[in-house]
Amino acid sequence: MATKPSNHNLNVFRKPLALFSQSPMTGFYRDGYCRTGPEDGGNHAVDGLLTKEFLDFSASRGNNLRSVPGLKEGCKWCLCTARWKEAMEAAKTNEDPVVPKVFLHATDESALNNGVTMDALKKYAAEPEAPGGGGSLEKKAPITPGTKEGIAKETH
């Protein structure tokens with residue numbers, strides 16, 4: 001699988017993409033970032049906090065995320081932009097748990113080119129994301145693609 005250095009990806013604020021989750025290891029490239037590249041046909045750019053309702057919704061659409069080892073409600077996961085948008089459109093209210101809350105500083109800017117608006121992302125932003133959108137959920141060290149013992153190597 002070809003890879004693209006994560007420090008070249010920007011978030012929806014056009015700032016360096018923040019690390020999202022390494023437990024479980026998420027991202028199309030399984031490096032903890034919701035970054036995308038030409039190999040990612042699903043545009044796994046939206047970072048969300050999984051809910052039972054979203055897992056059920058995704059399974060009803062043919063993608064049972066529960067089949068991923070360790071993935072369950074409450075996990076942070078890089079979501080397919082189109083699936084997140086589908087859930088948003090299916091939501092009955094703004095507080096409908098079928099739509100995972102998103103972390104804007106770790107959502108790849110490519111989501112904005114794939115049918116999701118900044119207003120929609122802000123509407124479902126996790127707190128305290130809505131006001132500033134900066135920071136990191138785990139640690140901010142850039143990761144160079146490549147593996148060592150199953151996880152991406154960090155550079156400082």
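The legends below describe close-up views of a predicted model.

**View 1. The disulfide between Cys34 and Cys78.** The structure holds one disulfide, formed by Cys34 and Cys78 with an S to S distance of 2.0 Å. The torsion about its S-S bond is about -85°, so the disulfide is left-handed. The bond links distant parts of the chain: Cys34 belongs to the segment before strand 1 (46-49), Cys78 to strand 2 (residues 76-79), and the two are 44 residues apart. Both Cys34 and Cys78 are buried.

**View 2. The largest nonpolar core.** This core has 26 residues, and those that touch the most other members are Val46, Leu50, Leu79, Trp84, Val99 and Leu121. Two or more residues each come from helix 1 (52-60), strand 2, helix 2 (81-90) and helix 3 (118-123). Around Leu121, leaving aside neighbours within four places in sequence, the contacts are Val12, Val46, Trp84, Val102, Leu104, Thr107, Leu112 and Val116. Another core, of seven residues, lies apart from the largest one and includes Phe20, Cys78, Ala106 and Ala126. Cys78 is also the disulfide partner of Cys34.

**View 3. The buried side of helix 1.** Phe54, Leu55, Phe57 and Ser58 are buried in helix 1. These residues lie on the same side of the helix because they cover an arc of only 160° around the axis. An α-helix has 3.6 residues a turn, so residues three or four places apart point the same way. The buried residues of helix 1 pack against strand 2 and helix 2. After helix 1 comes Gly62, with a positive phi near 95°.

**View 4. The buried face of helix 2.** The buried residues here are Thr81, Arg83, Trp84, Ala87 and Met88. Seen down the helix axis, they fall within an arc of 170° and therefore line one face of helix 2. Their packing partners are strand 1, helix 1, strand 2, strand 3 (101-102) and helix 3. Trp84 is also among the residues that touch the most other members of the largest nonpolar core.

**View 5. Ala87 and its contacts.** Ala87 is found in helix 2 and counts as buried because its relative accessibility is 0%. Leaving aside neighbours within four places in sequence, Ala87 is in contact with Phe54, Phe57, Val98 and Val99. Phe54 and Phe57 are among the buried residues of helix 1. From C-alpha to C-alpha, Ala87 and Phe57 are 7.3 Å apart in space, and they are 30 residues apart in sequence.

**View 6. Backbone geometry in the segment before strand 1.** Most residues other than glycine have a negative phi, and most peptide bonds are trans. The peptide bond from Ser23 to Pro24 is cis, with omega near 0°, and Pro24 sits in the segment before strand 1. Arg14, also placed in this segment, has a positive phi near 65°. In accessibility, Arg14 counts as exposed because its value is 56%, while Asn43 is buried, with a relative accessible area of 8%.

How values were computed: Residues numbered from 1 in each chain as written. Predicted model: local features only at pLDDT ≥ 70, side-chain atom pairs only at ≥ 80, totals over all residues. Heavy atoms only, no water. Disulfide = S-S within 2.5 Å. Helix = DSSP H or I, 4+ residues; strand = E, 2+ residues; numbered from the N terminus. Buried < 20%, exposed > 50% of the residue type's maximum accessible area, 1.4 Å probe, protein only. Core = buried A, V, L, I, M, F, W, Y, C linked by side-chain atoms within 4.5 Å. Contact = heavy atoms within 4.5 Å. Arc of directions from axis to C-beta.
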